[in-house]
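Work through the exercises below with the model open. Each task is followed by a worked solution.

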Amino acid sequence: MAIEITSQSLAGTPSEEPAVYKESPARALSGFPATDKSVSRSRFWHPASRWTRRNFSSRASALKSGRTWIRAFLCAYLCKRHGLEFTLQPGRYNQPGFPKIIFSHDLFEHRTKGDLWDRLRGKYLVPRRELSRAKIILLARDPRDCFVSLYLQLTRRDPHAPVELRRKSVSEMLRDTRFGVHAIVNTMNDWIEEFSGRDDFIVIRYEALRASPAEYFRDLLTVLGESSPDMTMFHEALEFSRFENMQKLEAAGAFDSKILHPGDVRDPESFKVRRGKVGGYREYLSTEDQAFAASALAKLDVRFGY
């Protein structure tokens, strides 16, 4: 899952940096109507603890999620549309008409990266001020598929992941309090609870994109202000962002960013663009693990539709 914040007034996209893990002491782009619950309370309110959204640092980095596909498509289209050289880091362009986009894992990174000081200063959070003036697009994916993708990211792709984490079996990590499936479900629930009362918040499901990419990518461009996209450029961007093409480009080292580089070109499971298969978790989780994941999924907010 990922959050994409879009606003003409944002200064630019945070730089992509290697992940740093530190142990600390103990058809449907769908909007949601306002709920009876207050959305003005502290960002990370929980019965047992209180959190506040704050950010004293401009640094950010990204864990693996389904958003890379969206990123590649949007960058391909927008760069072509504005006559600019392709880049996966659109923040380098600051000119009229080019949307300012922040790609962030926000709360999930906040809970899984850095040490206590990083979390106190909100190093991985999008500041509340930016959230208040931006459109928010929450990319959702079946937490079971999301978990498997994250597991392979940490064990096969990310050299910065702690050794003890990379040595965990899929069953062990599935039950991990920070990186397991329950952590993913809890974070998704917190996002939708915080943002669902806003008129400028929408959820887009990864599975819907996979089923009808042309339809949903066009809707996504409309959200970004491209209500009448150039269809020649649109189809070129659609073709460019096909999984098969992105895998070839990643293997060839054709991208200008560390975002799309395999951990090991000889290992297909170490690629950023791996398979993108819906329901692929069944090939990695045992029957017992699938039952455990299903119990976690039962706690996911029904508005996600899983």
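**Exercise 1.** How are α10 and α11 oriented to each other?

*Ground rules.* This is a predicted model, where local features need pLDDT of at least 70, side-chain atom pairs count only at pLDDT 80 or more, and totals for chains, interfaces and linings use all residues. Residues are numbered from 1 along each chain as its sequence is written, and side-chain values use heavy atoms, with hydrogens and water left out.

*Solution.* 
- Step 1: locate the helices. α10 covers residues 213-223 and α11 covers residues 231-240. Helices are DSSP runs (H or I, at least four residues), numbered from the N terminus.
- Step 2: take the angle. The two axes cross at roughly 120 degrees and come within 11 Å. Axes are lines fitted to C-alpha atoms over the stretch in contact, and angles run from 0 to 180 degrees between N-to-C directions.
- Step 3: classify. Angles under 35 degrees count as roughly parallel, over 145 as roughly antiparallel, 65 to 115 as roughly perpendicular and the rest as oblique. α10 and α11 are therefore oblique to each other.
- Step 4: find the hand. α10 passes α11 in a right-handed crossing (the near helix is turned clockwise from the far one by less than a right angle).

**Exercise 2.** Which residues of α10 and α11 meet?

*Solution.* 
- Step 1: apply the contact cut-off, heavy atoms within 4.5 Å. Pro213, Ala214, Phe217, Arg218 and Leu221 come from α10, and Met231, Phe234 and Leu238 come from α11.
- Step 2: sort by class. This contact of α10 with α11 holds 7 nonpolar, no polar and 1 charged residues. Ala, Val, Leu, Ile, Met, Phe, Trp, Tyr, Cys and Pro count as nonpolar, Asp, Glu, Lys and Arg as charged, and the others, Gly among them, as polar.

**Exercise 3.** At what angle do the axes of α1 and α10 cross, and which residues make the contact?

*Solution.* 
- Step 1: α1 spans residues 67-81. Its axis and that of α10 come within 11 Å and cross at roughly 65 degrees. The crossing is right-handed.
- Step 2: α1 supplies Trp69, Ile70, Phe73, Leu74 and Tyr77, while α10 supplies Pro213, Phe217, Leu220 and Leu221.
- Step 3: the classes are 9 nonpolar, no polar and no charged residues.

**Exercise 4.** Which residues of α10 are buried?

*Solution.* 
- Step 1: Buried means under 20% relative accessible area, exposed over 50%, partly exposed in between (1.4 Å probe, protein chains only).
- Step 2: read off Tyr216, Phe217, Asp219, Leu220 and Leu221.
- Step 3: look past the helix. Gly225 follows α10 and has a positive phi near 100 degrees.

**Exercise 5.** Is Asp106 buried or exposed?

*Solution.* 
- Step 1: at 1% relative accessibility, Asp106 counts as buried.
- Step 2: check the backbone. Asp106 is not a glycine, yet its phi is positive, about 45 degrees.

Terms used
Helix = DSSP H or I, 4+ residues; strand = E, 2+ residues; numbered from the N terminus.
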